[in-house]
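Q: I have a structure open and would like to learn how to read it. Could we go through some features together?

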Amino acid sequence: MSEQRVAVVTGGSRGIGRAIAVGLAGAGHAVAVNYASRRDAADEVVAAITASGGSAFAVGADVSDPDQVDRLFGEVTEALGAPTILVNNAGITRDNLLLRMSVEDFDDVISTNLKSAFLCTKAALRPMLKARWGRIVSIASAAGVMGNAGQSNYAASKAGLIGFSKSVAKEVGGRSITANVVAPGFITTDMTDVLDDAVKEAALSSIVLGRFGEASEIAAAVAFLASEPAGYITGQVIGVDGGIAL
Ligand code: NDP
């Protein structure tokens with residue numbers, strides 16, 4: 001097993017973030033499970049990890065808020081140690097056609113999905129630079145690569161994560177810190193459960209592998225990018241999307 005690290009997973013309480021937290025704990029890392037409001041869900045993830053012999057800690061914080069992000073990293077460092085793995089996973093959708101999209105829905109999505117990555121990466125870089133080792137993985141979306149009608153705010157935030165990660169990769173590569181992006185396709189979680197059947201059918205028809213993805217399939221890619229053997233991969237966008245973006 002590779003060296004034990006401290007990992008922060010934003011939005012680790014549910015869906016893809018939950019699977020990532022469990023996966024990193026399974027790889028032997030101590031995991032901070034961040035949540036926005038669902039403390040119960042985060043506690044359940046921590047209980048599942050500790051029941052399998054892992055180490056985890058639930059930490060509430062709105063990752064779009066600079067003060068809360070500072071507090072989050074302070075609490076994680078105190079509870080588990082200095083983090084050197086960061087997964088920028090927290091995300092929301094506020095879908096609408098552009099002409100009907102409010103300024104608030106645009107701002108909320110950019111703040112939660114993109115500004116959060118800026119704030120968390122900045123906070124995580126200090127311990128990573130000190131350790132001369134780090135892994136940053138941001139969860140974008142096939143929508144950020146291809147665009148998607150009704151998701152101009154969301155696609156912009158996810159495309160933003162790609163440019164952000166490539167820039168960070170160039171800034172800190174000399175210290176053995178990598179920054180990569182995983183771009184999921186349609187994954188079965190609370191976020192996609194709320195979509196109309198017609199939307200799901202349309203998505204399914206363009207997925208080459210003919211099925212929706214599982215959160216564990218995203219977690220497997222993240223665990224690899226966070227691992228020691230992935231140390232020569234940086235600035236990349238790995239589509240885990242069943243071929244939807246082909
Ligand atoms: P879910 O809606 O199932 O879970 C979202 C998670 O993000 C929850 O843990 C939630 O916390 C947390 N969260 C939301 N806002 C904040 C915030 N301001 N601060 C901290 N945490 C927050 O989403 P998914 O698991 O489906 O998605 C996870 C990521 O994957 C997102 O970035 C999403 O855009 C991306 N993605 C998802 C796809 C899919 O098909 N599901 C496809 C492509 C990308 P709480 O439990 O407290 O509400």
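Q: Does Arg132 count as buried or exposed, and at what relative accessibility?

A: Buried means under 20% relative accessible area, exposed over 50%, and partly exposed in between, with a 1.4 Å probe and protein chains only. Arg132 counts as exposed because its relative accessibility is 52%. Before we go on, note that this is a predicted model, where local features need pLDDT of at least 70, side-chain atom pairs count only at pLDDT 80 or more, and totals for chains, interfaces and linings use all residues. Residues are numbered from 1 along each chain as its sequence is written, and side-chain values use heavy atoms, with hydrogens and water left out.

Q: Where is Arg132, and what is its phi?

A: Helices (H or I, at least four residues) and strands (E, at least two) are DSSP runs, numbered from the N terminus. Arg132 sits in the loop between helix 4 (103–131) and strand 5 (134–139). Its phi is positive, near 55°, in a residue other than glycine.

Q: Which class does Ser176 fall into by relative accessibility?

A: Ser176 counts as partly exposed, because its value is 43%. You will find Ser176 in the loop between helix 6 and strand 6 (177–184), and its phi is also positive, about 60°, although Ser176 is not a glycine.

Q: Why does Gln151 count as buried?

A: The reason is that its relative accessibility is 10%. Gln151 lies in the loop between helix 5 (142–146) and helix 6.

Q: Which side chain does Gln151 join in a polar contact?

A: A polar contact is a pair of N or O atoms within 3.5 Å; within protein, one must be able to donate a hydrogen and the other to accept it, and residues adjacent in sequence count only if both atoms are side-chain atoms. The side chain of Gln151 makes such a contact, of 3.2 Å, with that of Asp95.

Q: Which residues come nearest to the ligand?

A: A residue is near a molecule or strand if one of its heavy atoms lies within 4 Å of it. Among the 31 residues around the ligand, Ser13, Ser37, Asn89, Tyr154 and Thr189 come nearest. A polar side-chain atom of Ser13 is 2.7 Å from a ligand oxygen atom, while a polar backbone atom of Arg38 lies 2.8 Å from an oxygen atom of the ligand.

Q: Which helix gives the largest share of the shell around the ligand?

A: Helix 7 does, with three residues.
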